[in-house]
Amino acid sequence: MTDNELTLRDFDGESEETDSETELLIRHTNSSGGGGGGSDAASRNKHSNNNNSQTRRKSSTGYSGIGSISSPSRIGGDSASGSNNSFLGNLFSLGSAAGQIRYRNESRSRERAKYSISNSGSSATRDITESGSSATKLAQLTQASASGANDNSGATRAHVSGDLSAANGIGAHTVVDPENGTSTVFYQNNRRRSKSRSLSNVCKMCLCSCWKKWFSPRELRARTVNLGRPNTEKFPPNEIRNQKYNFITFLPLVLFEQFRFFLNLYFLLMALSQFIPDIRIGYPYTYWGPLGFVLMVTICREAVDDLRRHQRDHEVNSQKYKRLSATNGNGYEMVPSSKLKVGDVIIVEKNERVPADLILLRTSDRSGSVFVRTDQLDGETDWKPRLAVPYTQKLSRDAELHSIDASFYVEKPQNDIHSFIATFCVTDGSEDTGLSVENTLWANTVVAAGTATGIVIYTGCETRSVMNNSQPRSKVGLLDTEINGLTKVLFCAVLGLSLVMMMLKGFGGPWYRYMFRFVLLFSYIIPISLRVNLDMGKAFYSWQMQNDDNIKGTVVRSTTIPEELGRISYVLTDKTGTLTQNEMVFKKIHLGIVSHDADTFHHIGQIIQKLSGNILQQQQQQGSLSSSSSAGESTKPMMFAGNRMRRPEGWREWEAVRALALCHNVTPVNDEEDNRSVSTASTVTGGNNSPTKSVINIEAPGSTDTEHQYQAASPDEIALVKWTEQVGLTLIARDLNTMTLQVKTASDENDILLQYQILQLFPFTSESKRMGIIVRENKSGQITFYLKGADVVMSTIVQYNDWLSEESGNMAREGLRTLVVAKKVLTEEQYNDFEMRYNAARLSITDRVSKVAAVVESLEREMELLCLTGVEDRLQENVRPTLELLRNAGVRVWMLTGDKLETACCIAKSSQLIGRNQGLHVLRSVKTRTEAHQELNQFRRKQGHALVISGESLEVCLQYYRIEFLELATASPAVVCCRCSPTQKAQVVELIQKHTRKRTCAVGDGGNDVSMIQQADAGVGIEGREGRQASLAGDFSIPQFSHIAKLLLIHGRRSYKRSAALSQFVIHRGLIITTLQAVFSAVFYLSSVALYQGFLMVGYSTLYTMFPVFSLVLDQDITSETAVTYPELYKDLSKGRSLSYKTFFIWVLISIYQGGVIMYGALILFVDEFIHIVAISFSALIMTELIMVALTVRTWHRLMVLAELFSLALYLISLAVLHEYFDWEFIWSYDFLWKVSLITVVSCLPLYIIKFLRKKCSPPSYLKLS
């Protein structure tokens, strides 16, 4: 090592194990002039060797990678002043960097000075020796810029590298002195105590891993699902879980929810204080007994509720499904849905619920398609086609699925039910297949027809349906929140009263002990029995709801919020399955000159039968003509297609019925075809034994031996085809290219078959709002284009007429879904020209959709109008009167549905969700802020109109004009939100809650309604045909929507009224005894001694007054018939006047008055002993409470009378038995009787007079109706 190189040194001499502070390590080098190139090269080689050994030596102490530092060339004297300024600035920056370093001792400065002197005459040149990549980076940061000795200007610059290198945790800071050329390098080395650090790191890692495993949300990631091979990766279990607790979290969460209430927390502190001898008052059981009873009642109630949820979940999770098994002799095994795992291949049969998210592998249809019902997922009533993976569909049987080596790479779980990305890979070298949402079966959908075989890709909480649901939450009623606020007021009263007592007594001695004793004495002003009575009352209200014969089937799943039903301001309901039965019924057809409904449909059937003979005769003529004609000749057109003047009677009916029987996308199926697997050797049909099946058969009228079933994407089309079958024209067969109709004749043996070739099919879209089909009649060769669609688009397509607009309006007002049907006969040349242009448009690379639409529209001109149809989505029973009752009760009803806008509008009108005198404003689709602003301004001008808005427009309005939109929407008499996702439904409920501060009730029947039901203040699930998920998740379960009116108007009203009266009377019971205690303490020299000791305090709120007070849960202000007949009475409940600060302070004044009368009366009337004061005051107190209960009751029940008599008898027995508290001789004296009677009369008679005068002068509204 040369003179200008110094080893880095640690000045405090500590080892690595003990060194925990930042070290300051210094190296000094000197700079002088001269130096030859050859010596420099030799010196560099030598330096390199030395530094390599130095690096190896330093690597054990954390200094590896640091080489020597070279200094600048000699500095001229002319630049001394500038260098001095630079040096001062560098010293300042170094001081700020080194100010964080604590110097261990003064020897550091001495060592630094010694090394500076010894190196004053060292070499002028400093070489940079590189030792590894980290040394190179450090040298780049710390090397000072140098200039040569032969520089013409003679001026060089002194540099300081103020950067702290991050190499190996060491920071380097170089300072150059311009006077002597000395370069000082400071290093910061941060070290920690490694031994203690390793133990703490292990603990931190353990805690972090436990927290991540138990509490952090599960990371969602993409996955590879193997087909034919086991999957080793772990995924969530496939369980439906609506429970709030588990075995570990039950007790902590229940106690947390209870002590979240100030009332319970207050009494817990009071009970704990009784373990301190200095402030103990009476016996500890007087505090712990009521508190323990309250907690036990709550814990038992929550345990029972959660156990019921567990049992219902277990019932759903136990439904059996067929899982393919290579080892089982049958080829499958029956397993419960909770045991399904990712990678299992299962068979889902017709009308079975899909238990998990699947990729469709095979179907019973050779084309690989299957229809599913998704109304429980997205609310849409249309059946949706799903396609199997082409590779697996081609297999001959299901058992071969185990023999192929393939895998699916699927995206991570997400809540978007309309998109899906996956890839199907086969190891035999076949090309990968991309999969989309059309290849999936989401959980909670239902297979509508056929049998589907699929592989499980998502289970449990990762399925689309569960990810669109929110976690169940513990709901707290508004009444509980209001009572919690009142208890805080009472607590302030306790503190104020105790402070007044201490001010009168004086703050001498251990005053804080006396004050706390006063707090304990007055603690009965906050009655712990309030929670007991309310909880028992809620359980009784729930029992009454479940046992009401008028709403049979009602189940109360959450007994904590029955009084919430009495203060509902907004009801948010689903459409499909809630307001409607999702059954389409053909109601009316208008032919231009005549209209037919259900009463005259048989006339159309008779006309079809009369024309069947002409049809048969013409078929025979067409057959003979076609057989005798040459190849170049064309046949004549079919009947009724020629001159209109020659059309016979009944042609309108025939053409309309035939158009409806041909223009659709319906496929007829029967049980044999429906249950037939592609390979009967591998798939075993389960028939109707499945627990999740509810088969709906469509039976042809007049036929008992044949059973026709149809499958289609829309139930509207099934209703139309079902009606054509009813009048005599039946669709009996259909495939991709042909369609066969059967014409019913008078004699069943001669039924006529009409065969058609399907040339083109134009499906229905939400943009076009119409669908069309081009068919060719096989016998005649006639080509006909049929088109049906909404009246708003068809009115410009059909020929001029004077009846379509008027009749479509009439049907819409009746709530019917209208369709306009038209036709156009095409020649062979016309069709060939269209086909050429259509195929060219389909092959277009740019603007393919618009070009295809333009070609189709070229045919849609001057079409012949055939008929106007009206189809009704059958409503649930008594939906119209129920909605009218709710509207008259001041409840605003919102309909949130995932269905189409047109369908939602029809149901809103037919169900009379929108009143007869109310308009309907449809907010058009908006995508920008400007469009949203314009639409909201338009709606603002239409006062009293109901609003219809789509989910996409709702998102835009909430994004830019949230407050404005909510103000307009909440002021509207009714709102219809269509195309809503499950998450949007819950968001709408939350927005109403936050904006209006009113109580909401959500009603639904499907899995897509669970989030909305759980978010609402009161969630009501309807147990329908499509499943029980909404019913299980709801706070209340009802069999049909019409029960909601009685649930709110009768039981909700009674629950709220009774709970309000019960809570205020219990508070009054605590206030009056606190008033007695305050007067007693004030009179007897401000002593902190209890007036009533031991059992008297416990018996006062339990044995002597509990039964009469609790009997208030039987009270009712009006009868059930009056509540339903006059729903306007419900409006007052939302204002919360039954329990308010006004009524609370009225009861406070009553308590102060009665407590003062009883205590001062006892003090004035007693003669000899203190025990007489206790006997007189306590007896008057019990009698006053019993009389006050009688004054509060509005409708007497025999159990109320029994409770009063029973409590009075118990007290009389106590007077004779409890000699420790009562003087037996005095009790049986005449003085005791008249004194108690006088005090009781004075305390109660004025209140009775006031109540009587108020009832006569200002009676409540319900009394006027009585």
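**Cores, patches and bridges**

Guide: Let's start inside: the largest nonpolar core has 138 residues, and F1036, I1044, Y1092, F1178 and F1222 touch the most other members. Helix α30 (residues 1043-1083) gives the largest share of this core, 18 residues. There is also a second, separate core of 46 residues, with Y756, M771, Y786 and V871 among its members. Bear in mind that this is a predicted model, where local features need pLDDT of at least 70, side-chain atom pairs count only at pLDDT 80 or more, and totals for chains, interfaces and linings use all residues. Residues are numbered from 1 along each chain as its sequence is written, and side-chain values use heavy atoms, with hydrogens and water left out.

Visitor: What makes a set of residues a nonpolar core?

Guide: The set must consist of buried Ala, Val, Leu, Ile, Met, Phe, Trp, Tyr and Cys residues joined through side-chain atoms within 4.5 Å. As background, nonpolar side chains in soluble globular proteins tend to be buried together.

Visitor: Why is E777 called buried?

Guide: Buried means under 20% relative accessible area, exposed means over 50%, and partly exposed is in between (1.4 Å probe, protein chains only). E777 has a relative accessible area of 3%, so it counts as buried. This residue lies in strand β26 (residues 770-777).

Visitor: Why is R887 called partly exposed?

Guide: R887 has 26% relative accessibility, so it goes in the partly exposed class. You'll find R887 in helix α22 (residues 879-888). The C-alpha atoms of R887 and P1127 are 8.8 Å apart, although 240 residues separate the two along the chain.

Visitor: On to the surface. Which residues make the patch of positive charge?

Guide: K1131, K1135, R1137, K1142 and R1254 gather there. Lys and Arg count as positive and Asp and Glu as negative, with His and the chain ends not counted. A patch takes residues with over 30% relative accessible area and no salt bridge, joining like charges within 9 Å and nonpolar side chains (Val, Leu, Ile, Met, Phe, Trp, Tyr) within 5 Å. Each charge is placed at NZ of Lys, CZ of Arg, CG of Asp or CD of Glu.

Visitor: Why is R1254 called exposed?

Guide: Its relative accessibility is 62%, so R1254 counts as exposed. R1254 sits in helix α38 (residues 1230-1257).

Visitor: Why is W1234 called partly exposed?

Guide: W1234, in helix α38, has 34% relative accessibility, so partly exposed is its class.

Visitor: How do you know that R323 and E333 form a salt bridge?

Guide: The label needs a side-chain nitrogen of Lys or Arg within 4 Å of a carboxyl oxygen of Asp or Glu. For R323 and E333 the N to O distance is 2.9 Å, so the pair passes. R323 lies in strand β5 (residues 320-324) and E333 in strand β6 (residues 332-336), so the bridge ties together parts ten residues apart in sequence. R323 counts as buried at 18%, and E333 as partly exposed at 27%.

Visitor: How many salt bridges are there in the structure?

Guide: The structure holds 34. One of them joins E563 and K538 at 3.5 Å, N to O. E563 is in the loop between β17 (555-556) and β18 (568-573), while K538 is in helix α13 (residues 529-546), 25 residues apart. Both E563 and K538 are buried. E872 pairs with R880, with 3.9 Å between the closest N and O atoms.

How values were computed. Helix = DSSP H or I, 4+ residues; strand = E, 2+ residues; numbered from the N terminus. Areas by Shrake-Rupley, 256 points an atom, 1.4 Å probe, with all protein chains shown as cover.
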